[in-house]
Amino acid sequence: MASFSFGAGNAQKLARLPLYGIGRLVTLVTPRTGRWVFGCGSGIADGALALWREAEARGIDAVWLTTTERERADAERAGIPTIPKMSWRGFWATARARVAVVTHGFGDVNPFAVSGAFVAQLWHGIPLKRIGLDAPELVRSAFLPNSALVRRVIGWMYRRSAQRIGVLPAASHLVRARLESAFGIGHDRIAVTGEPRVDVIATETAEQARAIVANRIPGIRDESALLLYAPTWRDGDPDPGVPSEAEWREIADVLDAHDAVLIVRSHRLGEGEYVPGIATDRIALLGADQLADITPAIPAFAALITDYSSLVYDAALADVPSLFLAPDIEEYARRRGFYGTYADVAGPDPATTWAALVPEIARFLGQDEERERRIGVARALSARVHTYRDGRNTRRVLEEILHRIGENRP
């Protein structure tokens, strides 16, 4: 069972409409002269953290709005001041903020007080699967799920709220077009600056990245190749990629034969049953509770295994090739859909079962020419979607925000 779905989330938004109305009345009469507010759906992490550090270096007064005690503790360790997001103080900080920085949605800060702020929506990955207004899943609701009227209301709410976005960074002009369509905003709101969240890939060494993994998963041998398995979220549906006990054994056997370790990272919004039912030191779990942001660790991996995750683009930026397991490709394409075609990214014949994928893993780990071929594919993919790889995306985004709000800071 997933811990979140669009249906449940949209039903909650409908129930909270009166609170949004009250918040709007307050923000209409409240001057926005206060500090910036930051929030992130995945914790003290992602592009929001990168932008925080750049803003702090520029002397910008800001506070991070937290949801959980763990977020507060993580922020304290990083020297970041915090306010509980859903408290009165969180509402007031958001209502007075000149700039609100988010990575997932307005709920990253206090959602009832966002109106009137300049919103920097950093987003959290280059979309492969369709998102926002391009995805029918967006307007599903647990409240009257078959009502066309409810779906139209939710779509109208989403489109209207997206107009509050002041700037949305894009990795390239190709990605810019996807975001323009998904959010229903003009191209003038989308800046091709690169994503702050991936600057760390340009600056992190493989050794530094491996140390991040080893710190969370003790006992990994230095000589073992690391593979990352990261399936995407299915909005409440069961994950068909969870291996059976027999498949876990096949996976462990090929890893053992090639001295490799599979690191499993299920999506933070899901609770996939990825605990192998066998005794092995070749498979380890690395959930969001252990490492909030996987991006800094990406250079540690020899390859990424995924289905439809946007991590494929992050991995490509680090010259990390991808192998694909798409057990429900036809259903997923029908229900969610892709930008372009799945074959554009995964190739013409992606594996649909672990039985088909395990030989691919063996070839990748055992044949130098296969590894080099896949690395070349990754580099070509990265060239299509990333305009910048200089580690200065965050600086460009901050300059863009300051320019748009009429400030000039050295």
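Tutor: The structure, a predicted model, holds 13 aromatic pairs, a pair being two rings of Phe, Tyr or Trp (its six-membered ring) with centres within 6.5 Å. One of these joins Y308 and F338: the ring centres are 5.5 Å apart and the planes stand at 55 degrees, so the pair is tilted (under 30 degrees would be stacked, over 60 edge-to-face, and the rest are tilted). This pair connects distant parts of the chain, since its members are 30 residues apart. Y308 belongs to the loop between β11 (303-306) and α11 (311-317), while F338 belongs to the loop between α12 (329-335) and α13 (342-346); these helices (H or I, at least four residues) and strands (E, at least two) are DSSP runs numbered from the N terminus. Y308 and F338 are both buried (under 20% relative accessible area, 1.4 Å probe, protein chains only). Y308 and F338 also belong to one aromatic cluster, together with F324, Y332 and Y342.

R130 lies over the face of Y339, at 5.0 Å from the ring centre. Over the ring of Y388 sits the charged end of R396, 3.7 Å from the centre.

When locating these residues, count from 1 along each chain as its sequence is written. Local features need pLDDT of at least 70 and side-chain atom pairs 80 or more, whereas totals for chains, interfaces and linings use all residues, and side-chain values use heavy atoms, without hydrogens and water.

Terms used:
Buried means under 20% relative accessible area, exposed over 50%, partly exposed in between (1.4 Å probe, protein chains only). A charge sits over a ring if NZ of Lys or CZ of Arg is within 6 Å of the ring centre and within 35 degrees of the ring normal.
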